[in-house]
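Here is a short report on selected local features of one model. The chain is shown first, and the notes follow.

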Amino acid sequence: MAALGRQVLDWQLLVRPTWACLARRTSHPPEQRRTTASLRKPTTASGGASLEAFSAGPRDRVQDPRRRTRPVQCRPEKRSTPVDSGSLELEKVISSLLDMGFTDAHLKDLLGILPGPNPQQWLDIVSELILLGLNPEPACVVLKKSPQLLKLPVTQMKKRSSYLRKLGLEEGKLRRVLHHCPEVFTMHQRDIDDIVRLLKEKCLFTTQQVTEILHRCPGVLREDPRELEYKFQYAYFRMGVKHLDIVRTDFLQYSVNKIKQRHIYLERLGRYQTPDKKGQTQVTNPLLKDILRVSEAEFLSKTACSSAEEFEVFKKLLAREEEEEEEEEEEEEEPESASEDKD
């Protein structure tokens, strides 16, 4: 009996921890049991059907697919490019030039020389040239020769045009002046006045003759007044050429060096003689156009009847003579200046 009692006691000791373990595994706290019960509680839908709704916590809540929304992707706004007013103005100017008769080749040339960012001023200057009687081709030539014209204020160009018209240079004559001497619009007013005054007062040309000189020889406007006066005196006193012939033959457009070389060469060959007071000569002088207006080869073959080698030797000798004369003049001036200082 004692042995049987010990076996029962050992069995109870073994069973007690097993039940305790099972109790710990299956037992829940009261709050958790209520939650579990609520999960199993049937829910009745509006249609009467019984559904088991599982109430999950905030982290486990399932979102209704119909309420899902994708993140809105904001597309970047297209920024409007600011309009380049300069480009629009240039396009208008080009369109106006095409309407005036300028070709694509003319526009290419003009765009290559246009200065500064003021297309409207370019258009005003070109329009003024067209009003003066220039066609697109001559206008491009003038602007290539003197691109400074495009920088002029339009008012200054109109004022200069009015002044030249008062000198008798109307549209036709003014067109030639502008073609050969575009600087006439950029020169100082006093420089033009000095040339006009010289021709009238010292050279004694009439007003009409001055107009013809400016028309036929516009390059005189660029010359030094003293050199221009010397050229006239050489023609009038040394060669015996009268005012009317100076105008008709465009004498003043040639350089002093060319005039002296050809005149003195003919003179030393005995083919030219200065007329006396009555305008008479012992030889028949060649015409001025055959002396100055022809090429050097034609001058030598037809007028001088000489060779190019002889003419080259003569030009060197003449240059040496002129240098010696200048040295003598300087030596004569030095004693005079020294005596003036002593006084």
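## Threonine 303

Threonine 303 has 12% relative accessibility, so it counts as buried (under 20% relative accessible area; exposed is over 50%, partly exposed in between; 1.4 Å probe, protein chains only). The residue sits in helix α15, residues 296-304. Helices are DSSP runs of H or I with at least four residues, numbered from the N terminus.

The threonine 303 side chain reaches the backbone oxygen of aspartate 290 at 2.9 Å. Leaving aside residues up to four places away in sequence, threonine 303 touches Leu266, Arg271, Pro286, Asp290, Ile291 and Glu298. Contact means heavy atoms within 4.5 Å.

## Basis of the model

This is a predicted model: local features need pLDDT of at least 70, side-chain atom pairs count only at pLDDT 80 or more, and totals for chains, interfaces and linings use all residues. Residues are numbered from 1 along each chain as its sequence is written, and side-chain values use heavy atoms, with hydrogens and water left out.

## Helices α11 and α13

Two packed helices are described by the angle and the distance between their axes. The axes of α11 (residues 225-238) and α13 (residues 256-268) come within 11 Å and cross at roughly 20°. Axes are lines fitted to C-alpha atoms over the stretch in contact, with angles from 0 to 180 degrees between N-to-C directions. The two helices α11 and α13 are therefore roughly parallel (angles under 35 degrees).

From α11, Glu227, Tyr230, Lys231, Tyr234 and Arg238 make the contact. From α13 come Val256, Ile259, Lys260, His263, Ile264 and Glu267. The residues of this contact divide into 5 nonpolar, 1 polar and 5 charged. Here Ala, Val, Leu, Ile, Met, Phe, Trp, Tyr, Cys and Pro count as nonpolar, Asp, Glu, Lys and Arg as charged, and the others, Gly among them, as polar.

## Positive phi values

Most residues other than glycine have a negative phi. Aspartate 250 has a positive phi, near 55°. Aspartate 250 lies in the loop between α12 (243-248) and α13. Its relative accessibility is 11%, so aspartate 250 counts as buried.

Cysteine 305 is not a glycine either, yet its phi is positive at about 50°. The loop between α15 and α16 (308-342) holds cysteine 305. At 47% relative accessibility, cysteine 305 counts as partly exposed.

## Glutamine 209

Is glutamine 209 buried or exposed? At 17% relative accessibility, glutamine 209 counts as buried. Helix α10 (residues 207-216) contains glutamine 209. Not counting residues up to four places away in sequence, glutamine 209 touches His243, Leu244 and Val247.

Terms used: A polar contact is a pair of N or O atoms within 3.5 Å; within protein, one must be able to donate a hydrogen and the other to accept it, and residues adjacent in sequence count only if both atoms are side-chain atoms. Angles under 35 degrees count as roughly parallel, over 145 as roughly antiparallel, 65 to 115 as roughly perpendicular and the rest as oblique.
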